[in-house]
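Biologist: Before we discuss packing, could you put the model on the screen, so that we can go through it step by step?

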Amino acid sequence: MQQNHPEYQKDKAQQEQERQNLFNKAVQSKYTTLLGENFLIGFRDMQDVSRMADLQKQVYPLYDELKDLRGLNGVKDHISYVAAHKDGASIQLRNVVKYLKRSIEQYLQTVKIQDLDG
């Protein structure tokens with residue numbers, strides 16, 4: 001589609017609105033506070049609309065899933081564990097969303113196995 005085509009412009013505006021909505025949710029999320037308190041994200045991250053929107057879309061639903069299984073303290077424990085064992089190179093590359101997503105996905109698998117065995 002051409003960039004000046006009305007449908008393209010409308011689609012672009014909708015995508016931007018969705019990204020802004022995700023950003024707004026992320027900034028208000030208790031998970032953002034936990035990530036900040038554990039130095040997994042910083043002030044610049046919180047100003048980055050794309051990064052915060054990606055956290056809200058890709059990582060926070062997984063935190064919700066863990067919260068359902070282990071409560072908010074389970075999420076807090078996981079985040080502090082990740083912070084204590086973080087791979088500095090991955091964080092420095094600013095792949096924080098990918099890093100956190102991979103961490104929670106792996107942990108959720110472990111939790112679900114423990115629940116099956118327990």
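Modeller: This is a predicted model, and in what follows contact means heavy atoms within 4.5 Å.

Biologist: Which residues is His78 in contact with, leaving aside its neighbours within four places in sequence, and is His78 buried or exposed?

Modeller: His78 is found in helix H4, and beyond its neighbours within four places in sequence it is in contact with Tyr63, Leu66, Ser103, Ile104 and Tyr107. Buried means under 20% relative accessible area. Because the relative accessible area of His78 is 4%, the residue counts as buried.

Biologist: How are H1 and H4 oriented where they pack?

Modeller: Helix H1 (residues 6-28) and helix H4 (residues 49-84) pack with their axes 8 Å apart, at an angle of about 75°. Angles of 65 to 115 degrees count as roughly perpendicular, and therefore H1 is, relative to H4, roughly perpendicular.

Biologist: How do the residues of the contact of H1 with H4 divide into nonpolar, polar and charged?

Modeller: On the H1 side the contact includes Arg19, Leu22 and Phe23, and on the H4 side Met52, Lys57 and Tyr60 are among the residues. The residues of this contact divide into eight nonpolar, three polar and three charged.

Definitions and conventions:
Residues are numbered from 1 along each chain as its sequence is written. This is a predicted model: local features need pLDDT of at least 70, side-chain atom pairs count only at pLDDT 80 or more; totals for chains, interfaces and linings use all residues. Side-chain values use heavy atoms; hydrogens and water are left out. Axes are lines fitted to C-alpha atoms, for helices over the stretch in contact, and angles run from 0 to 180 degrees between N-to-C directions. Helices (H or I, at least four residues) and strands (E, at least two) are DSSP runs, numbered from the N terminus. Angles under 35 degrees count as roughly parallel, over 145 as roughly antiparallel, 65 to 115 as roughly perpendicular and the rest as oblique. Ala, Val, Leu, Ile, Met, Phe, Trp, Tyr, Cys and Pro count as nonpolar, Asp, Glu, Lys and Arg as charged, and the others, Gly among them, as polar. Buried means under 20% relative accessible area, exposed over 50%, partly exposed in between (1.4 Å probe, protein chains only).
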